[in-house]
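Please look through the two chains shown below before reading on. The paragraphs that follow go from each chain to the contact between them and then to the core.

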Amino acid sequence: MEILEPIFAKNGLIVAFLFVGALMLLFNWFSKNVLNNRIPGVALAILAALVIAYFGGEKGIASYPMFAGMALLGGSMLRDFTVVATAMGASFEELKKTGLIGVLSLFIGVTVTFFLGVIIGYGMGYTDPVDLTTIGAGACTYIVGPITGSALGASSDLIAISIAAGVVKTIFVTIITPIVAKRIGLDNPGSAMIFGGLIGTTSGVAAGLAATDPKLVPYGAMTATFYTGIGVLLCPSVFFLIIRFFFGG
Amino acid sequence: MKIYGVAFLALCFLLGQAIGRYLGMAIGIDGNVGGVGFGMLLLVIINDRLGKKYPMLQETKAGIYFWGSMYIPVVIAMSMILNVKAALSGGWVAVIAGIVATGACYFLVPVLSKWSKSRAKVS
C-alpha cells in the first residue's frame, strides 16, 4: 500500500482508465452471463458508479486522493470532447430532417419542466417567487438552477436544493431511459433528438442513450446541449416575470 | 496519421466552444450556450461537405472514432464523481421536482415524434 499509493496519486488519469475498464468488464460479464443481457452492462456500470460516488464525498470517489484522476476522466473537458467525437457517426441528412422539431422540443422541454418544478415547489410550501423560480430552474438542469438562483439573489440553501434537483434528474434519466426506451419509441435518430431536447440534461441524456443504444447518443446529445443555454436564458428573465406576476413580490 | 483526426476533432471542439461563448456573451450570459452542439454540427457539416471531395483516410477517422468510443467510460467516470449524497439529502422537494418534472417530459417524446412523422408525410 505504501508503495502503491504514491504511484496511484501521481498517475491519476491512468488509474482511472484501469478502474473504469475493470468496472465495465465486470458488469458486462455480469449482464451477459447472469442477466442474459436483460439489463445492459453499461447501465449497471453507471448505476454502480453512482453507488460508489455515494460513498465518496462532495466530489464522489475523486474525494479520495488515490482516485483524484477520476475527476479528470469524468470532467467536463473530456466529456465534451468525446461527445463531439460521437458526431462522427451522425448523418447530416437525419439532422436536417429533425431540425425544426428538435428546436421546438427544446422550448417545450424547458417550459414544461420549469413550471412543473414550480408547481411542486409551491405544493411543498414555497411561496416566494425567487424561491419558486430557483426550484423550477433546478428541475431543468443543475447548471440552470444555480445560475438562475444567483442571478435572482436566492439563499444558498435554495441554490443547494436546485442543484440537488438537477442531479436527481440526471441520475433518474440515466437509470430510467434504457428501461422505458422501447415504450416511448426511442429507437431512431429523430426521436432521440426530440428526447434530447425535451429532457435536456446532457450527461443524463447521453448516459441514458449510451445504455439504450450507443448509435443514438450523438442525436440526443446534439439537442440536449442547447437545453441548458435556453434554460439559463428563459428562467431568470421571462419565466421569473411570469412567476412574479402570479405569486406577487 | 491518427493525430490528424484528433487534431481535426480538437479544432471543431474549440471552434464550437468559441461560438458558444460568443453566443452566451451576445445574450448576456456568462457561460457557454450550446458550445458542444456547435462543435458537433461543425464536425458533421465539414465532414459532409468536404468528405465527398476529399474523403478522410481510414487512419484519420480512427483517431476520431477512438475518442467517440471513449464516451461511455467517460460517462461512468463522471457518474463516479457526482455529489450523490448531497442530491439525496437535498430534501424531498429536490427529489420530487427532479423526478416528476422529468417524468412528464418522457410522455411527450412519443407525442412529438408522432407529430414530427405526420408533418414529414404532409410535406
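Domain bounds, as used here, come from an automatic or database domain assignment. For chain A that assignment gives domain 1 (4-74) and domain 2 (91-247), and the centres of these two domains of chain A, taken over C-alpha atoms, are separated by 26 Å. The model is a predicted one, in which local features need pLDDT of at least 70 and side-chain atom pairs count only at pLDDT 80 or more, while totals for chains, interfaces and linings use all residues. Residues are numbered from 1 along each chain as its sequence is written, and chains are lettered from A and ligands numbered from 1 in the order in which they are written.

Where the domains of chain A meet, six residues of domain 1 are in contact with seven residues of domain 2, two residues being in contact if their C-beta atoms, placed from the backbone, lie within 7 Å. The domain 1 side of this meeting divides into six nonpolar, no polar and no charged residues; here Ala, Val, Leu, Ile, Met, Phe, Trp, Tyr, Cys and Pro count as nonpolar, Asp, Glu, Lys and Arg as charged, and the others, Gly among them, as polar.

Chain A holds twelve helices and zero strands, and chain B has six helices and zero strands, where helices (H or I, at least four residues) and strands (E, at least two) are DSSP runs numbered from the N terminus. Of the 249 residues of chain A, 57% count as buried, and of the 123 residues of chain B, 44% do; a residue is buried if 20 or more other C-beta atoms lie within 10 Å of its own, exposed if 12 or fewer, and partly exposed in between, with C-beta atoms placed from the backbone.

The contact between the chains takes 62 residues from chain B and 88 residues from chain A. On the chain B side, helix 6 gives the most, with 21 residues, and by class that side has 46 nonpolar, 14 polar and two charged residues.

Finally, there is the core. A nonpolar core is a set of buried Ala, Val, Leu, Ile, Met, Phe, Trp, Tyr and Cys residues joined through C-beta atoms within 7 Å. Among the 120 residues of the largest one, Val84(A) and Ile76(B) touch the most other members, and helix 12 (residues 217-247) of chain A supplies the largest share, 14 residues. Leaving aside neighbours within four places in sequence, Val84(A) is in contact with residues of chain B including Leu9(B), Phe13(B), Val36(B) and Leu43(B).
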